[in-house]
Amino acid sequence: MAIVDIGSNSVRLVAYEGMTRAPTPIFNEKVLCGLGRSVATTKRLHDDAVEKALRALARFRVLCGLMQVGSVHVLATAAARDAENGPDFLARAEAAIGHPIELISGSREAQLSALGVMSGFHDADGVVGDMGGGSLELIDVRGFELGKGVSLPLGGLALQDTTGGNIRKASKVVRDAFAKAEPLERLKGRTFYAVGGTWRALARLHMTQKGYPLHVMHGYTVAPKDVTDFAKIVERVDADTLESIEAVSAARRPLLGYGALLLEEIIRKGKPKKVVISAQGVREGLLYEKLSNEERRTDPLLSAARELNLLRSRAPMHGEELIGWTDKLVASLHLDETGEERRLRHAACLLADIGWRAHPDYRGEQGLNIIAHAAFVGVDHPGRAFLALSVFFRHVGLSVDDISPRIRELVTTRMIDRARILGGAMRVAYLVSAAMPGVLPRAPITGHGGKLVLALPGDLAALASDRLLNRVKQLARLVGREPLIQNGR
């Protein structure tokens, strides 16, 4: 299926491989048309922008045909709903794309943005802000509950238009508009989820200046003080002078200052605990809305991990059995495991064998890179690093000396310890089972008193070897037990 999003700044096509809890884009293209440019003052869509958008839609129609897309949904937002010639444009746009267009209201846009965040974050709690070219939507989200959304005429193009490109004037416009922005009243001490291309561009620049180790936008988290300091720089200087500005399209650069200003004012008024970038918004919210209630409540990280397990592992059922096998190990060792640590461990078990086709010398490195940069949702960057390290340890060994210092920056000492324990358990599991299902349930490894016992039934007793014992010893040292391979039961 595909979604075409006709926004105030860009027109975008995203095609997905299907309706799943963690949908994977198979094609993604945007055209910066600037439909919303000058709408705030002229009340009309500019002719050049309209023609550019129509050409993009005609192209998207052909692309959908080539990809054999079964279902196409087309949305239009602020520019089309605010312009006097919006109805005429929408009629021509429907002819160009060959599908009906849903012109969504500001409150509907806020709701879909929040659903997109709900889809992309595990147990989201905070305020979602979706900054487009023509408007800014704000809405409260808490778990599976949505608040009442508001839409404000504070998009980048709208601010640029109404203030004549003057950032100082824009600051007063924003402050006046935020005076009655109810969602911001409930933001203090919670998370602000930033949605929209301008804020993603700002985050990309911030990543580059910090030398951040992961080039993954979704879930990128910044402290409010760091955001405001960076925002002041962006507002003050010419965008073209910023480091790595070439990563931002020329059409979007003039809007960076307005995006920075909005973030700064949101932090000043709302006082969030942190700012998190969401790569998911209206489009993903529409997909999420179409799922059943049961599917919505499925963990997105585990859904994505199961899909990768199915696509890349030698025997996908082995990954499922590894979850139960490590469940028993953790319970018997009485490890203090939080709910979040448990779901990360389960995801790591599903991902443990995805690099098996690589050369043995590079399986650890390849597995780490795939997991660290995969299009996962429902996991923050430290959690992503934990998953990558667990699989890295499973292939390479348990020494921390081989870990990239950049990846280590993302995780705590506790997370490294848990990743080593899990990696050590996987090293035992795969040597016992040869990655085949049906073995691990019959060969549990558990803690008994001061011992770590791997129990092999009689028909598997010959699996015992010095190599296997050494791996049990490695794991035993990590958990403070004496190793034992028990045969014949």
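Me: Is Gln68 buried or exposed, and how is that decided?

Reply: Gln68 counts as exposed because its relative accessibility is 70%, and its place is in the loop between helix H2 (47-66) and strand E4 (72-76). Please keep in mind that this is a predicted model, in which local features need pLDDT of at least 70 and side-chain atom pairs count only at pLDDT 80 or more, while totals for chains, interfaces and linings use all residues. Residues are numbered from 1 along each chain as its sequence is written, and side-chain values use heavy atoms, with hydrogens and water left out.

Me: How are the helices and strands defined, and how many of each are there in the protein chain?

Reply: They are DSSP runs numbered from the N terminus, a helix (H or I) having at least four residues and a strand (E) at least two. By that rule the protein chain has 21 helices and 15 strands.

Me: What is there to say about the phi of Gln68?

Reply: Most residues other than glycine have a negative phi. In Gln68, phi is near 55°, a positive value in a residue other than glycine. Ala435 also has a positive value, with phi near 65°, and Ala435 sits in the loop between H20 and strand E13 (445-448). While Gln68 is exposed, Ala435 is buried, with a relative accessible area of 1%.

Me: What does Arg418 touch, and what counts as touching?

Reply: Contact means heavy atoms within 4.5 Å. Not counting residues up to four places away in sequence, Arg418 touches Leu335, Asp336, Glu337, Glu341 and Phe386. Arg418 belongs to helix H20 (residues 413-433), and with a relative accessible area of 15% this arginine is buried.

Me: Where is Arg92, and which residues is it in contact with?

Reply: Arg92 is in helix H4 (residues 86-97) and, at 37% relative accessibility, counts as partly exposed. Leaving aside neighbours within four places in sequence, Arg92 is in contact with Val50, Glu51 and Leu54. Its C-alpha atom is separated by 20 Å from that of Thr42, 50 residues apart along the chain.

Me: How should I read distance in sequence against distance in space, for instance with Ala179 and Lys269?

Reply: Ala179 and Lys269 are 90 residues apart in sequence and 8.7 Å apart in space, C-alpha to C-alpha, and Ala179 touches both Glu185 and Lys269, not counting residues up to four places away in sequence. Ala179 lies in the loop between helix H7 (167-178) and helix H8 (182-185) and is partly exposed, with a relative accessible area of 49%. For another pair, Val222 and Gly116 are 106 residues apart along the chain, and their C-alpha atoms are separated by 20 Å. Val222 is in strand E11 (residues 221-222) and is buried at 9% relative accessible area; among the residues in contact with Val222 are His206 and Lys274.

Me: Which contacts does Phe144 make?

Reply: Phe144 touches Met118, Tyr288, Arg296 and Arg297, not counting residues up to four places away in sequence. Phe144 lies in the loop between strand E7 (136-142) and strand E8 (145-146), and its relative accessible area of 39% makes this residue partly exposed.

Me: What do the totals say about the protein chain as a whole?

Reply: The radius of gyration is taken over C-alpha atoms, and the globule rule is 2.2 Å times the number of residues to the power 0.38. With 489 residues, a compact globule would have a radius near 23 Å, and the 25 Å of the protein chain agrees with that. The C-alpha trace spans about 85 × 45 × 40 Å along its principal axes. Of the 489 residues, 57% count as buried, and residues 24 or more positions apart account for 72% of the contacts with a separation of 6 or more.

Technical notes: Buried means under 20% relative accessible area, exposed over 50%, partly exposed in between (1.4 Å probe, protein chains only).
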